[in-house]
Amino acid sequence: MATIILSLSTKSDKVTSQREVMIRFFHGKHINQRAKTNVFVHPDYWDDAAQGISIPKWRMLNEERKQLTNELQTKSNRLDAIKSLVLSSFQALNKNDVPKDWLKSLINGFNFPAATKDNKQQSHTLFDDFQHYIDTHKFSDHRRRQNNVILRTLKRFDLYKSLSLTFDNFTADTLRDFEGFLTDEHKLINKKSYKKILDAVPESRTPQPRGKNTINDFMVRLRSFFIWAVDNGLTTNNPFKHYKVVDCVYGTPYYITIDERNQLYHHDFSDQPSLARQRDIFVFQCLIGCRVSDLWAMTKSNIVNGAVEYIPRKTKDGRAITVRVPLNTIAAEIIERYKDTPGDKLFTLTSQQQYNIDIKKMFKLAGLTRVVTVINPTTREEEQHPICDIASSHLARRCFVGNLYKQVKDPNLIGKLSGHKEGSRAFSRYRDIDEDTTRELVKMLE
């Protein structure tokens with residue numbers, strides 16, 4: 001009798017904590033095969049007894065929970081499809097001559113149809129696999145766009161160097177050449193020969209000078225693709241084994257103080273009502289500490305019993321924990337002011353780009369012009385700028401974290417409110433900015 005057993009791998013993804021679902025197939029004494037399903041799930045949503053994905057039954061279903069439920073249901077349906085495929089395929093086999101790699105090949109063909117010979121399609125390339133990786137993973141829209149930029153840049157690199165890249169010929173030296181290409185691509189755009197390459201693999205904007213941190217981010221994401229390719233049996237070659245991605249360099253986070261936030265909140269923008277609304281949205285973000293992508297996704301259903309509840313989009317594919325931030329007086333006042341906003345959204349929103357433009361404008365009008373020191377992302381040199389010139393939506397998140405950290409030096413406690421994962425390295429930089437605390441320590445020596 002044919003038996004299928006599903007279980008979670010013991011290996012967890014270091015970023016998302018998800019584990020891959022493994023499938024084992026038994027029949028009689030001689031057929032016992034095991035394979036990967038390419039379906040990943042967090043252990044919190046796995047039921048060992050039922051050998052399947054456990055979908056929570058929420059008492060209240062907001063947009064975040066609805067999306068998580070849909071994602072889990074999609075994965076559960078995929079596992080059901082794999083089991084059905086295995087059973088139907090086995091029925092057609094000669095039971096006395098089952099290939100040793102039958103189960104693995106069958107499921108790889110299901111997950112990567114372009115790679116199977118049975119489809120009689122033209123052979124796929126490294127770039128096809130990269131595109132499949134992007135299309136089938138649950139990335140945020142922002143991450144998906146980033147990975148597609150990396151893919152297009154890699155294609156231009158391949159054309160420029162005439163490499164005909166494959167998994168087999170991709171080496172650590174190739175990575176070093178690619179890193180140099182990322183640094184210098186903006187210098188090539190005026191070359192007649194390179195314009196043809198840009199026409200063949202265009203970008204929405206002309207490639208600009210890239211900072212070291214941006215290049216490091218490219219390499220980290222490319223490394224994730226190679227790890228996935230190795231894990232899924234597409235190659236045994238991982239060029240990153242002999243190539244080290246350099247750590248990013250960040251300046252000390254700057255943020256506005258509570259007094260500066262209140263100065264902005266109480267500034268009279270009555271002659272510019274659209275800017276007044278953007279100001280209120282920014283101050284509200286300062287008071288709940290969410291990322292702008294989470295703010296843009298919020299609806300009125302996210303306000304629950306005097307607090308805002310949401311699942312950070314950045315961590316949904318990992319351990320999807322609901323963040324709950326109680327609303328203080330100002331935040332509740334802002335919610336009340338916009339309670340009659342048409343539709344389900346919490347606020348009437350513009351584009352995120354316009355939001356960042358308006359933040360700079362409102363800072364300048366409110367007199368928030370304090371000079372801060374930042375690291376130039378391209379040169380990695382220190383520079384001084386008025387805070388109004390470099391303010392953006394992420395400054396609201398830093399305002400929330402920085403001012404809380406100044407009062408309570410417990411990153412894990414603050415992380416529960418900000419959605420940072422436990423042990424986040426982001427907090428290590430906030431330890432450098434509390435000058436008042438260091439001044440008090442020095443006074444102890446008097």
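How many bridges join β7 to strand β8 (residues 323-326)? The count is 4, and the two strands run antiparallel. This is a predicted model: local features need pLDDT of at least 70, side-chain atom pairs count only at pLDDT 80 or more, and totals for chains, interfaces and linings use all residues. Residues are numbered from 1 along each chain as its sequence is written, and side-chain values use heavy atoms, with hydrogens and water left out.

**View 1. The protein as a whole.** The secondary structure comes to 17 helices and 10 strands. Helices (H or I, at least four residues) and strands (E, at least two) are DSSP runs, numbered from the N terminus. Of the 446 residues, 42% are buried. Buried means under 20% relative accessible area, exposed means over 50%, and partly exposed lies in between (1.4 Å probe, protein chains only). Take the contacts between residues at least 6 apart in sequence: 61% join residues at least 24 apart. Contact means heavy atoms within 4.5 Å.

View 2. Strand β6 (residues 303-304) runs antiparallel to β7, joined by 2 bridges. Two strands pair if DSSP finds at least two bridges between them. Isoleucine 303 stands opposite valine 308 in β7. Tyrosine 310 has valine 323 in β8 as its bridge partner. From strand β7 (residues 307-310), Ala307 and Glu309 point one way, while Val308 and Tyr310 point the other way. All four are buried.

**View 3. Two residues with positive phi.** Most residues other than glycine have a negative phi. Asparagine 305 has a positive phi of about 50°. It lies in the loop between β6 and β7; that hairpin has 2 residues between the strands. Asparagine 305 is exposed, with a relative accessible area of 72%. Glutamine 51 also has a positive phi, near 50°. Its place is the loop between β4 (46-47) and β5 (52-53). Glutamine 51 is partly exposed, at 27% relative accessibility.

**View 4. The sheet of β1, β2 and β3.** Here 3 strands form an open sheet in the order β1-β2-β3, with antiparallel pairing. The edge strands, β1 (2-12) and β3 (31-41), each pair on one side only. The twist averages 25° from one strand to the next. Helix α2 (residues 102-111) packs on the sheet and touches β2 and β3. Its direction makes about 25° with that of β3. Axes are lines fitted to C-alpha atoms, for helices over the stretch in contact, and angles run from 0 to 180 degrees between N-to-C directions. Between β1 and strand β2 (residues 19-27) there are 8 bridges. Leucine 8 stands opposite valine 21 in β2.

**View 5. Helices α8 and α11.** Two packed helices are described by the angle between their axes and the distance between the axes. Helix α8 (residues 258-265) and helix α11 (residues 329-337) pack at about 25°, with axes 13 Å apart. That makes α8 roughly parallel to α11, a term for angles under 35 degrees. Arg261, Asn262 and Tyr265 in α8 meet Ile330, Glu333, Ile334 and Arg337 in α11.

**View 6. Serine 393 in its loop.** Is serine 393 buried or exposed? Serine 393 is buried, with a relative accessible area of 9%. It is found in the loop between α13 (387-390) and α14 (394-407). Leaving aside neighbours within four places in sequence, its contacts include Phe282, Gln285 and Tyr355.

How values were computed
Angles under 35 degrees count as roughly parallel, over 145 as roughly antiparallel, 65 to 115 as roughly perpendicular and the rest as oblique.
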